[in-house]
Amino acid sequence: MDMKRLFLKKLLPVLLCLSVIPVAVASAETVYWGSSGSTVSQVQQKLKNWGYYTGTVDGKFGQTTYDAVVLFQRNNGLTADGVVGKSTFTALGITTAAATTTTQAATTTSANNSSDLDLLAHCVFGEARGEPYIGKVAVAAVVLNRVRHASFPSTIAGVIYQSDAFTCINDGQFYLTPDEEAYRAARDAMNGWDPTYGCIYYYNPKTAKSAWIFSREVRLSIGKHAFAV
């Protein structure tokens, strides 16, 4: 009897610990169906900017947000589970405690690195560092639109280094070290945000010297740049 009481006395604390372990514990840096708050709003806004999300930015993670996250994950080679964790936050360009290391690594890439993100960030910084943020994304989007256009090289490097295509290559500003905002703008464009809606040219009407560029159809202006096709 004494042995039985002793056994139960030792077992009780273990049973109590097990009884309070939750079935599933989400990281503070993870949002998923049923989550709510400012982080969900950030996710919704990013996805809305890029055309994945069509609902209201209300900070409530439901069916529409879930569907948008899954589509974004599929298009970006991520696990399409509808859960926004470290990898998805990083791809969205949202900095969290979990994603900080990855983001910092991307923003401190050497100027000699030939990755597409790095090349695009250098181009953005060299061409548009005085422009509003959306104007920086727009410049990056023009580069990517050219990559997809039959009249231009089919790679980011080919487009950027094409002879006389970008002033920053000719005057050396391309080789300056990009800041975090240039990387973020490049990442936003690579993730699908195109404020120009398909434009393949841009120029500053006050400084442009080419008569030909003025013959292009201007679709919109952002900051000091006119964007054209």
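Predicted model: local features only at pLDDT ≥ 70, side-chain atom pairs only at ≥ 80, totals over all residues.
Q: Where does Val 83 lie, and is Val 83 buried or partly exposed?
A: Val 83 sits in the loop that runs between α3 and α4. Buried would require under 20% relative accessible area, and exposed over 50%. Val 83 has 29% relative accessibility, so Val 83 counts as partly exposed.

Q: How many Å apart in space are Val 83 and Tyr 66, C-alpha to C-alpha?
A: In sequence, 17 residues separate Val 83 and Tyr 66. In space, their C-alpha to C-alpha distance is 7.9 Å.

Q: What span should helix α3 have, and what do its end C-alpha atoms show?
A: Helix α3 covers residues 63-75, which is 13 residues. The expected span is 1.5 Å times one less than the number of residues. That gives 18 Å for α3, and its end C-alpha atoms agree, because they are 18 Å apart.

Q: Which residue with a positive phi follows α3?
A: After α3 comes a residue whose phi is near 70 degrees. That residue is Gly 77.

Q: Which helices do the buried residues of α3 pack against?
A: The buried residues of α3 are Thr 65, Ala 68, Val 69, Val 70, Phe 72 and Gln 73. In an α-helix, residues three or four places apart point the same way, because there are 3.6 residues a turn. The buried residues of α3 pack against α2 (38-49) and α4 (86-92).

Q: Which residues of α3 meet α2?
A: From α2, the contacts come from Val 43, Gln 44 and Leu 47. On α3, they meet Thr 65, Ala 68, Val 69 and Phe 72.

Q: How are α2 and α3 arranged: parallel, antiparallel, perpendicular or oblique?
A: The axes of α2 and α3 are 11 Å apart, and the helices pack at an angle of about 60 degrees. That angle makes α2 oblique to α3. As for handedness, α2 passes α3 in a crossing that is left-handed.

Q: What is the order of the strands in the open sheet, and which stand at the edges?
A: Three strands make up the open sheet, in the order β1-β3-β2, with antiparallel pairing. Each edge strand has a single partner, so one of its sides has no neighbour in the sheet. From one strand to the next, the twist averages 25 degrees. The edge strands are β1 and β2.

Q: Which helix packs on the sheet?
A: Residues 133-148 form this helix, which touches β1, β2 and β3. Its direction makes about 30 degrees with that of β3. The helix is α7.

Q: How many bridges join β3 to β1, and how many to β2?
A: Opposite Ala 228 of β3 stands Tyr 201, and Val 218 also stands opposite Ala 228. Tyr 202 stands opposite Phe 227. Strand β1 (residues 201-203) is joined to β3 by three bridges, and β2 (residues 218-222) by four.

Q: Which residues of β3 are buried on each side?
A: In a regular strand, side chains alternate between the two faces of the sheet. Strand β3 (residues 225-228) is covered on both faces. One side has His 225 and Phe 227, the other Ala 226 and Ala 228.

Q: Is Asn 204 buried or exposed, and which residues is Asn 204 in contact with?
A: Asn 204 lies in the loop between β1 and β2. Its relative accessibility is 18%, so Asn 204 counts as buried. Beyond neighbours within four places in sequence, its contacts are Lys 224 and His 225.

Terms used. Residues numbered from 1 in each chain as written. Heavy atoms only, no water. Buried < 20%, exposed > 50% of the residue type's maximum accessible area, 1.4 Å probe, protein only. Helix = DSSP H or I, 4+ residues; strand = E, 2+ residues; numbered from the N terminus. Pairing = 2+ DSSP bridges. Contact = heavy atoms within 4.5 Å. Axes fitted to C-alpha atoms, helices over the stretch in contact; angles between N-to-C directions. Parallel < 35°, antiparallel > 145°, perpendicular 65-115°, else oblique. Left-handed = near helix turned anticlockwise from the far one by under 90°.
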